[in-house]
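Trainee: Could we go through this model together? I would like to discuss helix packing and pockets.

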Amino acid sequence: MTQTVAEPEHLRSAFDAYVADEKKIEPKDWMPDTYRRTLIRQISQHAHSEIIGMQPEGNWITRAPSLRRKVGLMAKVQDEAGHGLYLYSAAETLGVSRDQMDADLMSGKAKYSSIFNYPTLTWADIGAIGWLVDGAAITNQIPICRCSYGPYARAMIRICKEESFHQRQGYEIMMKLCQGTEEQKRMAQDALNRWWWPSVMMFGPSDADSPHSAQNMAWRIKRFSNDELRQRFIDMTVKQADYLGLTFPDPDLKWNEERGHYDIGEIDWDEFWTVVKGNGPCNRQRMAHRTRAHDEGTWVREAATAFADKQRARQQQAAA
């Protein structure tokens, strides 16, 4: 059991006031251990999601319907690899190593977004991921650009710009399909049917079932609750689907004049927790692929380390 070390009250009070004043915490600043651990969990989970998220889309690079689509999808997957590296680097400033984060992921201790445990069955799924999954990600991540932890906030500025492009890319794929043949439009509708609810679940459990949400908002790690962000995403996406001429797999979806928002049906939280706990359609496949890639890349990491050691030795000799 980890023993909790008592933190000086004056440091904690000064920290809370500093964050409440919208100032950024930097790696060498004092911070509560709970704040540090919360950030490590959140940033590393975000990084893992970017890396695992390459799999369902990378599966379609060789099968994309045109050279333009192949190039676009390849660039997107490459962006996601870069996002993972930015985020791992941000997490390392909190005192955790990349090796430890990788070990936590492959042991099952660390999680990644549940959305990436669903299969991509058709080309339309690539459009749905860009439109819905990246759309949900942007909704969630733009407020993180104002996160109280400086390295995370700065990394998110570039990531959100690229995710915005990915969302438009996915929507354009869906638009082309909806403007095509009846078979293509049916394919787009089928993809929406399968990706809608997992995308809605991406924001995490309801506020009532998220015990750390209030503290994270007080610390300015989060700016809005899960339900607030989910509602923003729904309100935005319904209008986009109307333009495409697609319908949602939710008979209870309707505009609520009194609230000024769309109401939706009951979310299947049993499905959400099943996937989070490792029993989704592709959990085992995703982790097996990630573990295999990590093992097969051992020689690359060892070679890079040996080269860096040799360069360092040469520099020390030259300075002697």
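Predicted model: local features only at pLDDT ≥ 70, side-chain atom pairs only at ≥ 80, totals over all residues.

Trainee: At what angle do H7 and H10 pack?

Mentor: Helix H7 (residues 150–178) and helix H10 (residues 226–244) pack at about 30°, with axes 10 Å apart. H7 is therefore roughly parallel to H10 (angles under 35 degrees count as such).

Trainee: Which residues in H7 and H10 meet?

Mentor: Gln167, Tyr171, Met174, Met175 and Cys178 of H7 meet Gln240, Tyr243 and Leu244 of H10, where contact means heavy atoms within 4.5 Å. By class, six residues of this contact are nonpolar, two are polar and none is charged.

Trainee: Now the pockets. How much space lies in the largest pocket?

Mentor: The largest pocket holds about 1100 Å³. A pocket is an open set of points on a 1 Å grid where a 1.4 Å probe fits, with protein on both sides within 12 Å along at least five of seven lines; lining residues have an atom within 4 Å of a point.

Trainee: Which helix gives the largest share of that lining?

Mentor: H6 does, with seven residues. The lining residues closest to the centre are Gln45, Asn140, Met202, Phe203 and Gly204.

Trainee: And which element gives the most to the second largest pocket?

Mentor: H2, with eight residues.

Key. Residues numbered from 1 in each chain as written. Heavy atoms only, no water. Axes fitted to C-alpha atoms, helices over the stretch in contact; angles between N-to-C directions. Helix = DSSP H or I, 4+ residues; strand = E, 2+ residues; numbered from the N terminus. Parallel < 35°, antiparallel > 145°, perpendicular 65-115°, else oblique. Nonpolar A, V, L, I, M, F, W, Y, C, P; charged D, E, K, R; others polar. Points joined across faces, edges and corners; volume = space filled by probe spheres on them.
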